[in-house]
Amino acid sequence: MEDDLAAAQAKLEELEQRTKQQRQYRNHVLRQALGSGVTWVRAGEITGLSPRGIQISLKSSD
């Protein structure tokens with residue numbers, strides 16, 4: 001039982017780290033795209049983020 005719990009906890013930590021890395025990559029690409037002239041509307045269509053979500057992503061320190 002403890003082995004199952006430890007394995008589950010390790011998997012959750014791994015998933016959390018991967019999610020963080022993917023978010024950092026998305027924010028990096030989003031900054032590049034907007035800097036290259038992609039509109040906020042188009043960025044929102046592609047990412048599914050609202051204007052507020054885009055704003056938060058851009059302010060993120062990663």
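**Charged pairs and a serine**

Reply: Start with arginine 42: at 43% relative accessibility, this residue counts as partly exposed (buried is under 20% relative accessible area, exposed over 50%, partly exposed in between; 1.4 Å probe, protein chains only). The model is predicted: local features need pLDDT of at least 70, side-chain atom pairs count only at pLDDT 80 or more, and totals for chains, interfaces and linings use all residues. Residues are numbered from 1 along each chain as its sequence is written, and side-chain values use heavy atoms, with hydrogens and water left out.

Me: What does arginine 42 meet in a salt bridge?

Reply: Glutamate 45, at 3.1 Å, N to O. A salt bridge here is a side-chain nitrogen of Lys or Arg within 4 Å of a carboxyl oxygen of Asp or Glu. Both residues lie in helix α2 (residues 40–47), three residues apart, about one turn of the helix. Helices are DSSP runs (H or I, at least four residues), numbered from the N terminus.

Me: And glutamate 45, buried or exposed?

Reply: Exposed, with a relative accessible area of 53%.

Me: How many salt bridges in the whole structure?

Reply: Two. Lysine 11 also pairs with glutamate 14, the closest N and O atoms being 3.8 Å apart. Those two lie in helix α1 (residues 2–35), three residues apart. Lysine 11 is partly exposed at 41%, and glutamate 14 is partly exposed at 44%.

Me: New topic. Where is serine 57?

Reply: In helix α3 (residues 51–59). Serine 57 is buried, at 4% relative accessible area.

Me: What does serine 57 touch?

Reply: Arg26, Asn27, Leu30, Arg31 and Leu49, not counting residues up to four places away in sequence. Contact means heavy atoms within 4.5 Å.
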